Amino acid sequence: MTTTLTSKKKQPKQGMLNNVMRQFNNAADIIELNTNIRKILEVTNSEFIVHFPVRMDNGAIEIFTGYRVQHNNALGPYKGGLRYHPTVDIDAARALAMWMTWKTSLAGLPYGGAKGGIQLDPTKYSQDELQRITRRFTYALGDNIGPELDIPAPDVNTNPQTMAWILDTYMSTKSPNERSKNLHVVTGKPIGAGGSEGRDRATGYGVFLTIKFWAEHKNIALKNKRFIVQGFGNVGYWAAHFLKKEGAILTAVQDAYGSIYNEAGISPEDLLDYAKANKGSISGFAGASPIDNTEFFGLDCDICIPAALGNQITVNNATMIKASLIAEGANGPTDVKAEEILLKRGIDIIPDILCNSGGVIGSYFEWLQNRNGEIWHLDEVLEKLERKMRESFNKVVQKTKTQKMDMRTAAFVIAIERLEDTYVQRGIFP
């Protein structure tokens, strides 16, 4: 029994790496990517696995395993989140780091791609234990992260508080006269610790913006359009919040604890308040009825937003989907084979490296402010974010038209071509 469960758990992780490589190879074949540059881009630059001890509240010592994968830094410092989840392993980190490289390249940012995290279930640890785990992980990574080398950010089950602990630990390892120069070692920090206005909603707002741009492109009004959201963390909530303001109706939500449905609509704000008071769970929310998890992706709706983990839309449920648009709030939520089914059915997909890039763009704005000693107002941040995302969206749409390809392929082609140009211009050392 144990062997079977283990193999089931490992399958999606390996699947994510397989997916990103297939996506990369597909685009690389189309543009006939230089063979030597292809060899560089299909492997990671550096990989770190650290095992470190942490004392638990009961006095016992527990050993944790942390990962940081740095895929490519041809365009600038490595950039990417840290997640705390049982599925974190080296293959997952490799896949996510590669996606970050394409995402930052597509967005036109001066960043490369990285990703990492710790293999754990954060619900099993106290706040004090999570703080000690985070600080010890930061210390174990040492100078393998840095404000001009590799800049972590929040991801699944990490948040501004996590970033504040990393910042404080990292700065404490520097001499007093050097500490203030390292404020931008992480992004997604609390405002009081050097964070940026708007960073909390940047990813979800970016998901909303790409849906809005798509609707404008298709001459579709978002008012009264029904949408469902998988994952009701930071990304799912803010995407739902902004869509509701446009008149769209949230009809169903799924999280790690269950699924709920209300044809008349669910208030994102009421659901968030409930979840906060219910240990993060949406289960039991009075404003909707529980449904079976297997029914979720088959619900009648116009827009589906997977904003949880990777490999959620597979060949097993792709034929059930009734939405005309899938907006990927999560990284790698759609399996390659499932995507083939969806595209044949005429369902549009806004790919993750475009759809959820608002987070890394918001992080870039925070990094710039820290670097330059500036403080931007919320309106300024959101205005800059919208301009940047519209620019990326328009490039992708233009590429789909001129080269007759789907949005994901177009996004990958743009991202890879930018990296290819960089290597051609700079050459390879020595």
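Q: At what angle do α7 and helix α8 pack, and how far apart are their axes?
A: In this predicted model, α7 and helix α8 (residues 268-277) pack at about 155 degrees, with their axes 9 Å apart. The axes are lines fitted to C-alpha atoms, for helices over the stretch in contact, and the angle runs from 0 to 180 degrees between N-to-C directions.

Q: What makes α7 roughly antiparallel to α8?
A: The angle is about 155 degrees. Angles under 35 degrees count as roughly parallel, over 145 as roughly antiparallel, 65 to 115 as roughly perpendicular and the rest as oblique, so α7 is roughly antiparallel to α8.

Q: Which residues of α7 and α8 meet?
A: From α7 come Y237, A240, H241 and K244, and from α8 come P268, E269 and L272. Contact here means heavy atoms within 4.5 Å. By class, there are four nonpolar, one polar and two charged residues.

Q: Why is N234 called partly exposed?
A: Buried means under 20% relative accessible area, exposed over 50%, and partly exposed in between (1.4 Å probe, protein chains only). N234 has 39% relative accessibility, so the label is partly exposed. This residue lies in helix α7 (residues 234-245), and its side chain reaches the backbone oxygen of D200 at 2.6 Å.

Q: Why is T203 called buried?
A: Its relative accessibility is 12%, so T203 counts as buried. T203 sits in helix α6 (residues 202-217). Setting aside residues up to four places away in sequence, T203 touches V235, N356, G358 and G359.

Q: For "binding site", which residues does UniProt list?
A: The unreviewed UniProt entry lists T203 and N234. They span 32 residues in sequence, yet no two of their C-alpha atoms are more than 8.1 Å apart, so they gather at one spot. Do keep in mind that such annotations may be inferred rather than shown by experiment.

Q: Why does T44 count as buried?
A: T44 has 18% relative accessibility, so it counts as buried. T44 lies in the loop between α2 (35-41) and β1 (46-55). Leaving aside neighbours within four places in sequence, T44 is in contact with V69, Q70, H71, R94 and M98.

Q: What polar contact does the side chain of T44 make?
A: The partner is the side chain of E47, at 2.7 Å. A polar contact is a pair of N or O atoms within 3.5 Å; within protein, one must be able to donate a hydrogen and the other to accept it.

Q: How are residues numbered, and which pLDDT limits apply?
A: Residues are numbered from 1 along each chain as its sequence is written, and side-chain values use heavy atoms, with hydrogens and water left out. Local features need pLDDT of at least 70, and side-chain atom pairs count only at pLDDT 80 or more, while totals for chains, interfaces and linings use all residues.

How values were computed. Helix = DSSP H or I, 4+ residues; strand = E, 2+ residues; numbered from the N terminus. Nonpolar A, V, L, I, M, F, W, Y, C, P; charged D, E, K, R; others polar.
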